[in-house]
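This report covers a strand pair, a helix pair and a chain contact, in that order. The sequence and structure come first.

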Amino acid sequence: MEWLNAILQGTLLGGLYALFAAGLSLIFGVMRLVNIAHGDLIVLAAYLGLVISAGLGIHPLLALVLVVPAMAGIGYALQRGILNRTMGDDILPPLLVTFGLSVIIQNGLLMGFSADPQKLQAGALETASLSAGGLTIGVLPLLMFVTAVAVIAGLQWMFYRTALGRAFRATSDRQDVAQLMGLNRAHVFALAMALSLAVTGIAGVFLGIRTSFDPSIGGSRLIFGFEAVIIGGLGNLWGTLAGGVILGVAQAVGGQIHPSLQLLAGHLVFLLILAIRPRGLFPKMEG
Amino acid sequence: MPDPVLSLNRLDARYGDFQALYGVTAHVNEGEVVAIIGANGAGKTTLMRSIAGLIRNAPEAIAWKGQPIGRLRADQVAALGIALVPEGRLLFPSLSVEENLIIGGQLGRRGPWNLGRVYELFPILKERRNQQSTSLSGGQQQMVAIGRALMSNPELILMDEISLGLAPVIIKQIYDALPGIVGQGMAAVIVEQDIAKALSVTARVYCLQEGRVSLEGRSDTVSRDEISRAYFGM
């Protein structure tokens, strides 16, 4: 039963990792951009949630109503203002620029909020739980998981069923021909980044409710996100959810064996999958 | 003489350091069908990509209805009503046949062309509409590429080597559809390797040789000798 419980908790935790990863997966799929600042943007969203929920005295989940559009706006401006200038055949400039951005965000948060750990106060939600058949499920992890599934399903629907998704896929396929269709690449890319950071806004607020955070933790969130994306297969959104769950379960089972093994077990499973299936478990079909 | 819709004024185009076009001057009148011929590497595709905005040029080098458009991006040029059927078809592999057509019409320009009209022109595409575009035969893919360009209801359609790599019977099928496309006042520039074919469907012809216009004339009166001199420079 302990093991079953560990697997269950790991699965639910995987939802949060999938939320970390979905935005990464989306922008990589659309524009082959690897955003090194992604983890720090998650932390930025958590601080944004802190400022808004404390400032207005509202529940952090209600603060999402403001955090998500704010992050989307930041994403659009960031892509249009800075990142589009780095896009080209060479993948190095966007890597370097987002790395620089990561440093700037971390230090900006340090200046504004100090290195003290912060937490979003979600009240009774944090400890509420459901019991079924000897297993106990926290309402918060369950909510995170359900949200992750809903976000992935929503992104998937957007990608394959809407005009915006068509524009994303076309631009991803052939940027110059998409331009011939009247799609301004700079705008399409900025919309993709806006969507990516909107998801990051949700991820950041959940992160802040679940654990305490400080300006330095972005890096490891980036790693979890990356691992989930790579395990699932680049550019495959449902694969990203599966990747998050595999990572979460590996960590929970590792932690069950010995608490010190928790993070290591996740990384080991990631390395194992990378060694056996370098393109991930569910690589996107190539056209 | 009618005013040209498109005019090229001493267009120099480059790919990085390599200059592909030297002082190309040409024009297309309203509703006119013009052929561009020339050997491989003469600059035909560069010319098409320059007009479409995929290669940026000096603003005044390309004019659309008197307005300089040489510096515009491809999406801005497309919005003006210039559509390119690119060499090699270049469909979107992640999109179904129908999605390829729909995205061609996403600018929402008004006009006679819509999904139904494209399916009338190429009925086979209706049968294949939910397939991946890359699963079609070459000829069918070319039909999608042409349909995709038509969906934007262009006033000028640029067709770059639409018969490349296709069987003669398919080429005939596509060219038979051409009058139904340009018959309604749409101007067209057709780049074609098959000179006889190019001359038979166009009113005027330009020949390019090493990036320069080596011949300009009426398609029905230009002689074989003139063409071979212009083509090979001999």
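Which residue of β7(B) does Ala83(B) stand opposite? In this predicted model, the residue facing Ala83(B) is Ile157(B). The two strands concerned, β6 (residues 82-85) and β7 (residues 156-160) of chain B, run parallel and are joined by 4 bridges.

Strand β6(B) is covered on both faces. Ile82(B) and Leu84(B) are buried on one side, and Ala83(B) and Val85(B) are buried on the other. In a regular strand, side chains alternate between the two faces of the sheet.

In chain A, helices α9 (residues 218-232) and α10 (residues 237-257) have axes that come within 7 Å and cross at roughly 120°. An angle of 65 to 115 degrees would count as roughly perpendicular, and one over 145 as roughly antiparallel; α9(A) and α10(A) are therefore oblique to each other. The crossing is right-handed. On the α9(A) side, the contact is made by Phe224(A), Glu227(A), Ala228(A), Val229(A), Ile231(A) and Gly232(A). On the α10(A) side, the residues include Gly243(A), Gly244(A), Ile246(A) and Leu247(A).

Chain A also touches chain B, in a contact that takes 16 residues from chain A and 22 residues from chain B. Helices α6 (163-173) and α7 (175-180) of chain A each supply at least two residues of the chain A side. The most comes from α6(A), with 6 residues.

Methods:
Residues are numbered from 1 along each chain as its sequence is written. Chains are lettered from A and ligands numbered from 1 in the order in which they are written. This is a predicted model: local features need pLDDT of at least 70, side-chain atom pairs count only at pLDDT 80 or more; totals for chains, interfaces and linings use all residues. Axes are lines fitted to C-alpha atoms, for helices over the stretch in contact, and angles run from 0 to 180 degrees between N-to-C directions. Angles under 35 degrees count as roughly parallel, over 145 as roughly antiparallel, 65 to 115 as roughly perpendicular and the rest as oblique. A crossing is left-handed if the near helix is turned anticlockwise from the far one by less than a right angle, and right-handed if clockwise. Two residues are in contact if their C-beta atoms, placed from the backbone, lie within 7 Å. A residue is buried if 20 or more other C-beta atoms lie within 10 Å of its own, exposed if 12 or fewer, and partly exposed in between; C-beta atoms are placed from the backbone. Two strands pair if DSSP finds at least two bridges between them.
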